[in-house]
Amino acid sequence: MRGSFKIAQVAGISINVHVTFLLLLIVFGRFFFFVLAVFFFVTLHELAHSLVAKKFGINVKEITLLPIGGIASMAKMPEKPYQEFFISIAGPLTNIAVVVIFYFPLRTLFGSDVFFGALGSFFTGYMPADFKYGFVICQIYWVNLILAIFNLLPAFPMDGGRILRSLLAQRLGFRKATKIAVNFGHIFAILFGYIGLMHGRIILLIIAVFIYMAASSEGVHVDVRAVLRKFRVKDILPTNFLTLAPDANLAKVLELIFHSHQEDFPVIGPSDRMLGFVTRQDVVNGIHQYGVNGLVSSCMRQEIPSVRDQETLYDVQNIMQERSVKALPVTKGGKVVGIVTTEDISRVYSMMAGRS
Ligand SMILES: [Zn+2]
């Protein structure tokens, strides 16, 4: 996520802190230790989601810590409802495990008064005059219970909402289940927003806005996915497209871009073999570096995945997102038969959305 920096790496997942998180430390400077400890357990919670996701073959690149909680960025959505169920429940279960494991040790160590007093302090705001570190440790312990309960609320796309969707999806299908879950998300967001406003809790207000927007965008995403799964590359492939020779110069490429609507080109060598791929951005960079007389071969990218014409648009979109490219060459029987771009895909979506 933009504006965040890496603080650790666990099991191939980089743990990042967003700059806004530092604000939290400034605002709660007095409770520095408390904030740090709470976010240790938030990280543990996100790691649990991530490790289960990895078990199902879903790559998790990073966990970002924001003032309102953690986000594990998964490369794709889980395909099966049971996968989403286990990924989602793993986080809250981790916090519940902490609560169970440390219940007797902490109660014995600090005594019931301090132990339960710390839990009560979240609701009453009461702090004992003879403030002790044991009290803070118990507060941090109870944060795990609050995290578990809060995350289990069916406020999609929070964990509870995802669990709800996965259960509904078994019977209703993914799309309908998502619609219902998104409604739950919106209702809870409005509720959180109302409580936040009434009690002047800014954090709750921010969480409300975040949940509302995230619920909407996941709803749209699922619609997009359903539409794009119905189409294969061959259904939308333009019949004519231009290719470049590796020894063409960039002035020639500019001319082609201006005269056609094509902005990305496969570079084809002798015997029709694809040598590389040039995007509009590559051309711009190439002209910057070598001038208009520079050669295509000097600015083309060679490590570009190609997609087969049988692939669904949804899969193509995933590849584009994973590799951060806006266009891909399409091959059939080892030969380049065209290119597919993000614009092609969004055109299909905007024409088909709402029809199905
Ligand atoms: Zn979670």
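I count two residues as in contact if their C-beta atoms, placed from the backbone, lie within 7 Å. With that settled, I opened the notebook.

**Ground rules.** I am reading a predicted model, where local features need pLDDT of at least 70, side-chain atom pairs count only at pLDDT 80 or more, and totals for chains, interfaces and linings use all residues. Residues are numbered from 1 along each chain as its sequence is written.

**Entry 1: F156.** I looked up its partners, leaving aside neighbours within four places in sequence. F156 is in contact with G161, R162, L164, R165, A181, V182, F184, G185 and A215.

**Entry 2: the cores.** By nonpolar core I mean a set of buried Ala, Val, Leu, Ile, Met, Phe, Trp, Tyr and Cys residues joined through C-beta atoms within 7 Å. A residue is buried if 20 or more other C-beta atoms lie within 10 Å of its own, exposed if 12 or fewer, and partly exposed in between, with C-beta atoms placed from the backbone. I found 32 residues in the largest core, and A155, F156, A189 and I211 have the most contacts inside it. Helices and strands here are DSSP runs numbered from the N terminus (helices H or I, at least four residues; strands E, at least two). Elements supplying at least two residues each to this core include α5 (159-172), α6 (174-199) and α7 (202-228). The most comes from α6, with eight residues. I also noted that domain 1 and domain 2 each provide at least three residues of this core. A second, separate core has 20 residues, F21, V38, L106 and F115 among them.

**Entry 3: I187.** This residue sits in helix α6. I187 counts as partly exposed because it has 15 C-beta neighbours inside 10 Å. From I187 to A155 I read 7.8 Å, C-alpha to C-alpha, across 32 residues of sequence.

**Entry 4: domains.** The bounds come from an automatic or database domain assignment. The chain divides into domain 1 (1-152), domain 2 (155-228) and domain 3 (233-352). The C-alpha centres of domains 1 and 2 are 21 Å apart. Between these two, ten residues of domain 1 are in contact with 13 of domain 2. On the domain 1 side, α3 (81-124) and α4 (133-152) give two or more residues, and α3 has the largest share with seven. I sorted that side into six nonpolar, three polar and one charged (Ala, Val, Leu, Ile, Met, Phe, Trp, Tyr, Cys and Pro count as nonpolar; Asp, Glu, Lys and Arg as charged; the others, Gly among them, as polar).

Entry 5: Strands pair if DSSP finds at least two bridges between them. This open sheet runs β1-β2-β3-β4 with mixed pairing; β1 (4-10) and β4 (69-74) are its edge strands. The twist averages 25° from one strand to the next. Axes are lines fitted to C-alpha atoms, for helices over the stretch in contact, and angles run from 0 to 180 degrees between N-to-C directions. β1 and β2 (residues 13-18) run antiparallel, joined by six bridges, and F5 has V17 as its bridge partner in β2. Helix α2 (residues 32-55) packs on the sheet, making about 160° with β3 (60-66).

**Entry 6: the three-stranded sheet.** Here the order is β7-β8-β9, again open with mixed pairing. β7 (307-308) and β9 (335-341) each have a single partner strand, so one side of each lacks a neighbour in the sheet. Two bridges pair β7 with β8 (residues 327-332) in the parallel sense, and R308 stands opposite T331. Helix α12 (residues 313-323) lies across β7, β8 and β9, at about 130° to β8.
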